[in-house]
Amino acid sequence: MAWRARPVDGFPDDLLLAGLASGDAELSVAFVRRFQSRVFGVAMAVLGDPCQAEDVAQQAFERAWRHAAVFDPRRGSVTTWLTAITHHLAIDAVRARRAAPVDPMALEEVLGAGPDGPERATLAAESAAELRAAIRALPAEQARALVLAAFRGLTAREVAESEGIPVGTAKTRIRTAMVRLAAVLEPKRGPS
Amino acid sequence: MTGADCTRCRELAPELALGLLGGHERAEVLAHLEACPPCRDEVARLAGVHDRLRALVPPVEPPAGFEERVLRRIGPVRPRRRLPGWGRIAAAAALVGAAFAGGWIAGTTTAPAAPMVAAPLLMGDRHVGDVLVSRSRPDFLSVYLDVTQPGRLTCDLLRQDGTVAASTVYDASGGTEWWGVESPADAVASVRIADAAGGVVASGEVPRP
């Protein structure tokens with residue numbers, strides 16, 4: 001146990017969020033510093049353009065500030081909530097601009113660095129490693145469809161166009177990939 | 001609700017969970033989910049996958065000046081105030097209460113669903129601070145104290161029987177001070193803060209989330 005020299009650094013996420021909402025200078029700065037690289041990372045993953053990603057990331061923080069009162073910690077962490085906001089805004093932005101063909105994102109680009117990756121505070125490293133392994137174990141066409149949909153914001157129809165496959169096949173690939181990952185993430189059942 | 005509705009929902013659930021569904025299709029699925037708990041569970045399961053996937057995205061440092069631009073965008077923030085004293089709810093509670101009005105923060109005996117609980121730190125019958133505990137992180141105490149005299153403070157975390165579970169010192173500069181402190185699990189029942197001369201300047205119970 002220790003008192004903190006810079007006390008707000010160790011504050012729980014939801015307390016920093018409350019500080020942001022109330023306009024407290026120190027807590028607002030701490031909130032932005034704590035989450036900016038995650039927020040910007042999600043925006044970059046979807047948009048791939050630093051200028052657009054910054055605009056979306058700024059909007060995400062603004063939305064968090066405006067809507068902090070609806071955050072419910074029983075439904076998930078601040079990180080999950082904030083990255084969901086960011087992702088929705090990035091999807092909206094990508095919808096507005098979509099014209100050029102989308103480069104399929106490299107799998108390793110999505111999967112991150114490894115056990116020291118961004119999930120360390122929000123997802124147990126063991127669970128993240130399992131998830132990464134499960135993604136790598138997917139058939140390549142399923143992994144690609146999942147990446148295009150989950151990270152680049154392509155609908156099944158757009159995935160179908162990008163991959164040159166029927167829409168039904170694109171839907172099946174996305175769904176099958178997600179169901180497989182869900183099975184990996186679910187708590188292991190012990191012997192009955 | 002029909003089997004055909006569930007089949008249709010099953011087809012669209014991944015895109016809904018990924019936030020990709022819009023317009024009529026989204027409305028159609030949401031209407032079905034209202035009446036179909038199994039499909040609702042399925043969408044929640046897939047949405048959980050999306051949450052986990054986002055957590056894998058590598059963090060990327062934004063361009064220089066991002067922090068300042070965000071703070072400018074959300075309006076002027078106020079510097080921390082030095083409060084002359086504590087009301088019935090301390091500055092800490094007021095701070096979070098302003099943002100989470102309606103039970104976001106609760107006293108120890110009310111609003112069991114609130115994500116944070118607070119208990120007062122007292123000096124005699126004077127309210128001089130608060131201890132806050134987040135339900136999401138019950139081993140972390142946020143301690144707020146109105147410090148009248150700068151100097152070294154000793155903070156003891158006490159068990160139910162009054163014995164000291166943990167102790168530490170802090171050099172306070174005065175005014176409204178607040179710090180985080182990790183608590184050794186359930187062992188701690190109360191907090192006692194003393195000045196350099198050993199005089200108790202604040203004490204109170206640790207709230208239970």
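A salt bridge links the side chains of A:Lys171 and B:Glu11, with N and O 2.9 Å apart; the term stands for a side-chain nitrogen of Lys or Arg within 4 Å of a carboxyl oxygen of Asp or Glu. This pair crosses between chains, running from helix H9 (residues 167-185) of chain A to helix H1 (residues 3-17) of chain B. The model is predicted, so local features need pLDDT of at least 70 and side-chain atom pairs count only at pLDDT 80 or more, while totals for chains, interfaces and linings use all residues. Residues are numbered from 1 along each chain as its sequence is written, chains are lettered from A and ligands numbered from 1 in the order in which they are written, and side-chain values use heavy atoms, with hydrogens and water left out.

- A:Lys171 is buried, at 17% relative accessibility, whereas B:Glu11 is partly exposed at 34%. Here buried means under 20% relative accessible area, exposed means over 50%, and partly exposed lies in between (1.4 Å probe, protein chains only).
- A:Lys171 also forms a salt bridge with B:Glu15, where the closest N and O atoms are 3.8 Å apart. This pair joins two chains, because A:Lys171 sits in helix H9 of chain A and B:Glu15 in helix H1 of chain B.
- B:Glu15 is buried, with a relative accessible area of 7%.
- B:Glu11 has a salt bridge within chain B as well, to B:Arg8, with closest N and O atoms 3.6 Å apart. B:Glu11 and B:Arg8 are 3 residues apart in helix H1 of chain B, so about one helical turn separates them.
- B:Arg8 counts as partly exposed, at 27% relative accessibility.
- Through shared partners, salt bridges join A:Lys171, B:Arg8, B:Glu11, B:Glu15, B:Glu25 and B:Glu28 into one network.
- Over all chains, the count comes to 18 salt bridges.

**Where chain B meets chain A**

- On the chain B side 66 residues are in contact with 84 residues of chain A, contact meaning heavy atoms within 4.5 Å.
- About 6,700 Å² is buried between the two chains, and carbon and sulfur atoms give 67% of that area. Buried area is the accessible area (1.4 Å probe) that two parts lose on being put together, summed over both.
- Between chain B and chain A there are 8 salt bridges. B:Glu42 and A:Arg175 form a salt bridge too, with closest N and O atoms 2.8 Å apart.
- H3(B) supplies the largest share of the side of chain B that touches chain A, 11 residues.
- By class, the side of chain B that touches chain A has 42 nonpolar, 8 polar and 16 charged residues. In this scheme Ala, Val, Leu, Ile, Met, Phe, Trp, Tyr, Cys and Pro count as nonpolar, Asp, Glu, Lys and Arg as charged, and the others, Gly among them, as polar.

**The nonpolar cores**

- The largest nonpolar core has 85 residues, and A:Phe31, A:Phe61, A:Leu181 and B:Leu53 touch the most other members. Such a core is a set of buried Ala, Val, Leu, Ile, Met, Phe, Trp, Tyr and Cys residues joined through side-chain atoms within 4.5 Å.
- Helix H2 (residues 25-47) of chain A gives the largest share of this core, 13 residues.
- Leaving aside neighbours within four places in sequence, A:Leu181 is in contact with A:Leu131, A:Ala134, A:Ile135, A:Leu138, A:Leu146, B:Val49 and B:Leu53.
- Another core, of 21 residues, lies apart from the largest one, with B:Leu121, B:Val133, B:Leu145 and B:Ala166 among its members.

**Chain A itself**

- Chain A has 9 helices and 0 strands. Helices (H or I, at least four residues) and strands (E, at least two) are DSSP runs, numbered from the N terminus.
- Of the 192 residues in chain A, 53% are buried.
- Among contacts in chain A with a separation of 6 or more, 61% come from residues 24 or more positions apart.
- Helix H7 (residues 140-150) of chain A is mostly covered, with 8 of its 11 residues buried. Among the buried residues of H7(A) are A:Gln142, A:Leu146 and A:Leu148.
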